[in-house]
Amino acid sequence: MVKSKNHTNRNASFKAMRNGMKKPKCWKLKVKSLKYRGMKGMDPQFRRNQKYAKLGMKKAALRKKQSERDQKRNKDSKSQPKSK
């Protein structure tokens, strides 16, 4: 027997537009109370660049932390006398 289709999104936008796509009732208050404005509706090219920039900054911070850790470890190992 053939499997039946599980889901389709064919008519969803039409149904949504029939009742009008409404903003939340207190959207102005919500925007004021947000800590950061959302990225929704921003230029997609800017958003992509922002994503990669944040990722790069995160990796740079991790590299810096790792190098400080290595330098400290090397300093400690040089100061301790080797025992036989």
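1. Helices are DSSP runs of H or I with at least four residues, strands are runs of E with at least two, and both are numbered from the N terminus. Lys-64 lies in helix 3, which covers residues 44–79.

2. This is a predicted model, in which local features need pLDDT of at least 70, side-chain atom pairs count only at pLDDT 80 or more, and totals for chains, interfaces and linings use all residues. Residues are numbered from 1 along each chain as its sequence is written, and side-chain values use heavy atoms, with hydrogens and water left out.

3. The protein has 3 helices and 0 strands, in the order α-α-α from the N terminus. Its radius of gyration (taken over C-alpha atoms) is 27 Å, well over the 12 Å that the globule rule (2.2 Å times the number of residues to the power 0.38) gives for 84 residues, so the protein is more spread out than a compact globule. The C-alpha trace spans about 85 × 55 × 25 Å along its principal axes.

4. Buried residues (under 20% relative accessible area, with exposed over 50% and partly exposed in between; 1.4 Å probe, protein chains only) make up 0% of the 84 residues. Lys-64 counts as exposed because its relative accessibility is 53%.
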